[in-house]
Amino acid sequence: MTITKKHIFSLLIIFIIAIGAISIASAYTGTGFSHNIPSSKYSDMSVSDILNKYSNTNCHVEESAVCTKVVDGDTIYLDNGEKVRFVGVNTPERGVEGYITSKNFVQKLCLNKEVGLDIDDSKHNDKYGRTLAVVIVDGKNLNEMLLKEGLAEIMYMPPSEFYPYDWANGNTPTS
C-alpha cells in the first residue's frame, strides 16, 4: 500500500481531532477540593460568634458594595453589578462534598450586607472577568476565614498582591 497525500491529510485530521478531544477532556473542572464539614456546624453560630474568632485584617477596603448573590464559597455578586472571585482560595464546586457548607458560610457573613474589597493590584480580573479580591466583612478577611475554617484550600496563582500561605499559617482562630 502506498501512502498518498490523501492518507497523510486524513491522518492529520484525525490527529487534530484527537488533540482537541484531549484538550476538552483536560479542561479545568476545579481542583477536586472537598471537605466533610457538616453544614450544621455554623447554623447555631451568629455572625458575631464567627467574626469574634478573628483579628482585624491588614487588607485595605478599596471599594464597598452590598452582596446580592452568593454563587459558591468563593464567588459573589454585588449590587454594583460586579462579580467577585475570592483571590487565593478555592472552595468545593457545585455537586462536590462541602459545597453547601462553604456557600452557606459565605451567605451567612455576606448576603444582603455591605462588604469591602481589597482588589488584587497585580491581577485585577480573572479569565471570566470577575474581580479578584479579598472580601472584607466587618474588618475581617473572609478569604482567610475560609482557609482557617477548613472550608477552602489555598489556590495561589501568581502574579498576585496576596500570598494566601500567610493567611493559612497565621494565627488560628480562638476556640
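1. Five aromatic pairs are counted in this predicted model, where rings of Phe, Tyr and Trp (its six-membered ring) pair if their centres lie within 6.5 Å, and planes under 30 degrees apart count as stacked, over 60 as edge-to-face and the rest as tilted. The model is a predicted one, in which local features need pLDDT of at least 70 and side-chain atom pairs count only at pLDDT 80 or more, whereas totals for chains, interfaces and linings use all residues. Residues are numbered from 1 along each chain as its sequence is written, and side-chain values use heavy atoms, with hydrogens and water left out.

2. The pair of Tyr-42 and Phe-105 is edge-to-face, because the ring centres are 4.8 Å apart and the planes stand at 65°. Tyr-42 lies in the loop between helix H1 (5-25) and helix H2 (47-51), while Phe-105 belongs to helix H3 (residues 99-110), so the pair ties together parts that are 63 residues apart in sequence; helices here are DSSP runs (H or I, at least four residues), numbered from the N terminus. Tyr-42 is buried at 4% relative accessibility, and Phe-105 is buried at 1%, where buried means under 20% relative accessible area, exposed over 50%, and partly exposed in between (1.4 Å probe, protein chains only).

3. Tyr-156 and Tyr-163 also form a pair, with ring centres 5.1 Å apart and planes at 80°, so that this pair is edge-to-face. Tyr-156 is partly exposed at 30% relative accessible area, as is Tyr-163 at 42%, and Tyr-156, Tyr-163 and Tyr-165 form one aromatic cluster.

Note on methods: Helix = DSSP H or I, 4+ residues; strand = E, 2+ residues; numbered from the N terminus.
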